[in-house]
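Dear colleague,

Please find below the structure that I am handing over to you. My notes on it follow directly after.

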Amino acid sequence: MDIGNIKKHSDLNFEVAQAKKNALEKMRSRQLMAYNERLFTADANTMNLVSTLKQHNKDFYVLDVNDNPCHIKDPDDFLNKLIERNQETLNSYQQLHQDLANKRK
Amino acid sequence: MKTGVLLYCFDTPELNYHRLAERCVEQIRKYLKLEITIVTNLETFKKFRPLGMINYKLVENSTTNTRPYRGKSVAWYNKERALAYEHSPYDTTILMDCDYFVFSSTLLELANTKFDMMLHDRVHDLTGKNMILGKDESTLPLVWATVTLFKKTENTKAIFSMIRHVQEYYPHYKNLYRIRYINYRNDYAFAIALHQLNLGNCIPTPMTMLADSVDVIDSDGDGIVFKHGDDVMFTSGQDVHVMDKEWCNG
């Protein structure tokens, strides 16, 4: 591969990597979710925590992103909302990821 | 509890901020669907095209500040923002620069939570070239006043009183916190006030930004296309602070 092609390859990789970073930031931003006047991220950690705690108690406390406690009185409702938001953002990210993969071919 | 958006918009001899505000209003209507109040002066007010239901508050603004923009020093009318607590008619206010464009409903999620004041403490440069932040700009934990959510509480009242105090004695605080930037900047005044009062929450995700050397070359209601050097990229569905002040001039 000559240097011109290597540069083109490098430019494309930079562009794809940056597009991926931007899409991830967008996804994290869209995962922010208000619940009971507290702020949560609809990510794997929050879903796992809620899923685990709900197996032991009917209601419980969790910390929001600003370390404020939130009383979860209806764990099923909260978990459903977390999953819905999480999957909505991941579907959107998956589409962009696929576009980027096609661009690299 | 009433939630609304408060914008400050003053045209300067060099830049048509009212054009940015017009576009900003379109985006707010599409994604946030909230009531909007624009604080402006009479001269700028006369230039606005009819925007439908908007509350205008006319003030005589201070005209003593400047900023560097694309290699020039230009007028910068940014001191009225310290009066946002008094100017806002809302219980929960989203105070926003008119060069911040919403392409999502994320701010609504933030507004529906409990806090006194919430703003960004990190930025994400969409070009990936990290052109926004300099090194060792101050000894202060920096925040960005571009988007500031606040509720009318005693704590917030104290924060805005402190911001006005910092503005009045800015040279002192500038020395105290070893701020390199020469002119008065709201980001620093807000950061100093929050630091002094030990208050405020940070928005957990960074503010996406485009530096003033990046040109916006196209846009629609869902996103924008931007160019830096030979690189052309786009963003959609993501709120963005655009420092190119001329892209809405047509």
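I begin with charge. Chain B carries 29 positive and 31 negative side chains, and the centres of these two sets are 3 Å apart. Lys and Arg are counted as positive and Asp and Glu as negative, while His and the chain ends are left out; each charge is placed at NZ of Lys, CZ of Arg, CG of Asp or CD of Glu.

Please note that this is a predicted model, in which local features need pLDDT of at least 70 and side-chain atom pairs count only at pLDDT 80 or more, whereas totals for chains, interfaces and linings use all residues. Residues are numbered from 1 along each chain as its sequence is written, chains are lettered from A and ligands numbered from 1 in the order in which they are written, and side-chain values use heavy atoms, without hydrogens and water.

Overall fold

Seven helices and 16 strands make up the secondary structure elements of chain B; these are DSSP runs numbered from the N terminus, helices being H or I of at least four residues and strands E of at least two. The radius of gyration of chain B is 17 Å, close to the 18 Å that the globule rule gives for 250 residues, so the chain is as compact as a globular protein of that length. That radius is taken over C-alpha atoms, and the rule is 2.2 Å times the number of residues to the power 0.38. Along the principal axes, the C-alpha atoms of chain B fill a box of roughly 40 × 40 × 35 Å. Of the 250 residues in chain B, 57% are buried (under 20% relative accessible area, with a 1.4 Å probe and protein chains only).

Strand β8

Strand β8 of chain B (residues 117–120) is covered on both faces: B:M117 and B:L119 are buried on one side, B:M118 and B:H120 on the other. β8(B) pairs in the antiparallel sense with strand β10 (residues 144–151) over four bridges, where pairing requires at least two DSSP bridges between two strands. Within β10(B), B:W144 is the bridge partner of B:H120. With strand β11 (residues 201–203), β8(B) pairs in the parallel sense over three bridges, and B:C202 of β11(B) stands opposite B:L119.

Residue B:C9

B:C9 belongs to strand β1 (residues 3–9) of chain B and counts as buried at 1% relative accessibility. Its C-alpha atom is 6.3 Å from that of B:V39, 30 residues away in sequence. Leaving aside residues up to four places away in sequence, the residues that B:C9 touches include B:Y17, B:F48 and B:C98 (heavy atoms within 4.5 Å).

Yours sincerely

Key:
Buried < 20%, exposed > 50% of the residue type's maximum accessible area, 1.4 Å probe, protein only.
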